[in-house]
Amino acid sequence: MSAAPWTVGRYVVETLAANGIDTVFGIPGVHNIELYRGLELARVRHVLVRHEQNAAFAADGFARVSGRPAAAFVISGPGVSNALTGLAQAYSDSVPLLLIASAPVRASLGHGWGVLHELDDQRALVAGVTGFAGSARSVQQLQAHLAAAFAALRAPRARPAYVDIPLDLIAEHTLLRPEVFARAAAPRAAPAEALSAAQSLLATSARPLIIAGGGARQAGGPLRTLVEAVDGYLVTTVAGKGVLAESHPASLGASLPYAETQERIAAADVVIAVGTELSETDVYTSTRLPFSAPLVRIDVDAGKLHDHYDAAVKVHGDAALTLQGLAGTAARRGWRSASGDGSALRARIDGARDTAVPGARQLLRALRAGIPADGVVFSDMTQIAYRGNYIYSAERPGVWFHPSGYGTLGYALPAALGARIAQPERAIVALAGDFGVQFTLQELMTAVELEVTLPVVIWNNNALAQIRDDMRAAGIAPIGVQALNPDFVALAHACGAFGLRVASGAALTQALTAALARPGPTILEVDSADFDRL
Ligand SMILES: Cc1ncc(C[n+]2csc(CCOP(=O)(O)OP(=O)(O)O)c2C)c(N)n1
Ligand SMILES: [Mg+2]
């Protein structure tokens with residue numbers, strides 16, 4: 001008995017479903033409607049967003065919070081180019097999402113006939129921001145591309161993946177049935193030689209310091225065991241925030257940009273950097289960290305062991321496995337017992353900047369107080385988030401997300417929307433500036449339509465304040481850094497959302513609690529002047 005043929009569109013969606021994708025963020029067009037026949041038959045959830053960039057941002061937020069990839073469906077041409085920025089953000093932060101696009105009919109490809117939604121080479125456009133990008137010309141090729149795409153999504157260093165399908169191919173029929181692609185191999189154990197080189201450095205060190213990035217997010221237990229055993233310190237990047245509770249005595253928090261922490265790094269006699277690129281966006285105030293000690297780097301990406309910081313000991317392996325291997329290092333009392341807990345250094349950091357950011361600190365504490373312990377903030381490129389990257393207290397990993405690597409304005413709201421759709425039982429909050437929020441504010445309507453609970457806190461300083469401040473610091477007269485804002489609260493009401501202004505920390509905490517308890521989104525506008533005066 002032979003199976004009834006399916007459309008290729010159905011085959012694609014059933015393959016996604018068979019491999020664990022249950023949500024698609026997308027915008028249909030006449031070119032990709034056969035994917036939507038597939039969605040109905042495979043019973044995969046579709047979320048209609050208001051712009052393709054936001055389909056990618058939402059899939060990114062979905063994956064960051066849940067660890068599971070989602071897909072985005074877009075049309076050829078403008079659908080792909082609109083999604084590109086979201087892909088690039090996910091690529092730079094190693095987040096898995098699968099973009100499925102249509103392409104013009106095969107006969108036209110490469111001829112430049114000017115068919116609808118044509119790009120000269122659609123695949124080439126996304127190739128630089130994906131772990132895999134493939135254009136299918138036959139169903140067999142499509143099958144191979146989907147396998148390669150899932151391999152990229154599940155790679156030790158995950159990346160977004162892309163597959164495009166010509167519209168005549170999506171409508172074809174096939175007897176192919178979904179394949180469950182092999183899961184990624186077991187986590188990579190560090191080579192014994194590298195592990196023992198790291199062990200001997202640690203065994204004789206008197207002042208060990210660990211820098212943990214997003215790649216160490218699953219390694220909190222072994223990190224804690226190790227840092228306690230060697231009586232050292234641990235500092236994280238923003239992506240690694242909370243991997244060790246920030247209240248832990250060994251924690252210096254996500255304080256890499258601060259001179260006080262950099263001095264301590266310079267004073268260390270061995271530095272272990274695990275799951276971090278040590279990139280400019282991790283360090284910010286300087287382009288180089290002042291290492292004077294031998295550097296051990298632990299990473300699943302071999303390219304990260306010898307880039308702008310060449311490691312003395314290069315450990316190509318999984319973070320948790322490698323740290324477990326190092327945890328046998330003999331316990332001793334030493335540096336931290338002598339120099340004081342991380343909280344003492346953090347008090348020095350706070351003291352040095354108290355006059356600069358008292359209002360921001362108060363707002364971030366009020367935000368923290370209004371969100372349950374396992375609640376999550378998705379932040380945007382705004383001054384309040386740059387401060388929150390350090391000040392917001394994270395007692396566990398995965399509770400504070402920032403578009404670190406690519407730094408894209410407009411990320412917070414759609415990413416938070418995608419996260420809440422992935423985990424409707426969790427408190428998820430967006431935090432954006434008055435200018436950046438307007439990049440993607442239209443997703444408020446998606447949240448209204450789907451009754452997605454979503455507080456959106458807008459830090460309103462009536463300016464592109466960071467850029468204004470940078471211009472002033474550079475002696476440039478501020479130009480292009482003041483924009484007329486809408487009345488955000490009235491706009492929320494016009495969209496069918498809730499909205500209110502909050503003028504104090506206590507009011508914010510209270511309003512957040514209420515917003516998290518009601519269906520649908522709530523705009524909470526904070527006038528920065530109310531806090532600057534503190
Ligand atoms: C897509 C994109 N375009 C431009 C920028 C540069 N940029 C970074 S912050 C910023 C101003 C943001 O203003 P606002 O959201 O009000 O935050 P504030 O600095 O005032 O807190 C701009 C234009 C960017 N990061 N991303
Ligand atoms: Mg602003």
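## Around ligand 1

The shell around ligand 1 splits into 10 nonpolar, seven polar and one charged residue (Ala, Val, Leu, Ile, Met, Phe, Trp, Tyr, Cys and Pro count as nonpolar, Asp, Glu, Lys and Arg as charged, and the others, Gly among them, as polar). This is a predicted model, where local features need pLDDT of at least 70 and side-chain atom pairs count only at pLDDT 80 or more, while totals for chains, interfaces and linings use all residues. Residues are numbered from 1 along each chain as its sequence is written, chains are lettered from A and ligands numbered from 1 in the order in which they are written, and side-chain values use heavy atoms, with hydrogens and water left out.

In total 18 residues surround ligand 1, and the closest are Thr382, Gly407, Gly436, Ala463 and Ala465 (a residue is near if one of its heavy atoms lies within 4 Å). Now the polar contacts, meaning pairs of N or O atoms within 3.5 Å. On the backbone side, Gly436 puts an N or O atom 2.7 Å from an oxygen of ligand 1, and a polar backbone atom of Phe435 sits 2.9 Å from a ligand oxygen.

On its own, ligand 1 exposes 580 Å², and the protein buries 77% of that (Shrake-Rupley areas with a 1.4 Å probe). Two elements give two or more residues to the shell: α16 (383–391) and α19 (465–473). The largest share, three residues, is from α19. Helices here are DSSP runs (H or I, at least four residues), strands are E runs of at least two, and both are numbered from the N terminus.

## The magnesium site

Asp434 (OD), Asn461 (OD1) and Ala463 (O) coordinate the magnesium ion, ligand 2, at 2.0 to 2.1 Å. Donors are N, O and S atoms within 2.8 Å of the metal (3.2 Å for Na, K and Ca), and water is not among the atoms, so sites may look incomplete.

Along the chain, the donor spacing reads D-x26-N-x1-A. Asp434 is in the loop between β16 (428–433) and α18 (443–450), and Ala463 is in the one between β17 (454–460) and α19, so the pair ties together parts 29 residues apart in sequence.

## The second largest pocket

This pocket holds about 560 Å³ of space. Its lining counts 26 residues, with Pro257, Tyr258, Tyr284, Tyr386 and Arg387 nearest the centre. A pocket is an open set of points on a 1 Å grid over the protein atoms alone, with protein on both sides within 12 Å along at least five of seven lines; lining residues have an atom within 4 Å of a point.

α16 gives the most to this lining, six residues. By class, the lining has 13 nonpolar, seven polar and six charged residues.

Note on methods. A polar contact is a pair of N or O atoms within 3.5 Å; within protein, one must be able to donate a hydrogen and the other to accept it, and residues adjacent in sequence count only if both atoms are side-chain atoms. On a 1 Å grid over the protein atoms alone, a cavity is a set of points where a 1.4 Å probe fits but cannot get out, and a pocket is an open set with protein on both sides within 12 Å along at least five of seven lines; lining residues have an atom within 4 Å of a point. Grid points are joined across faces, edges and corners, and a volume is the space filled by probe spheres set on the points.
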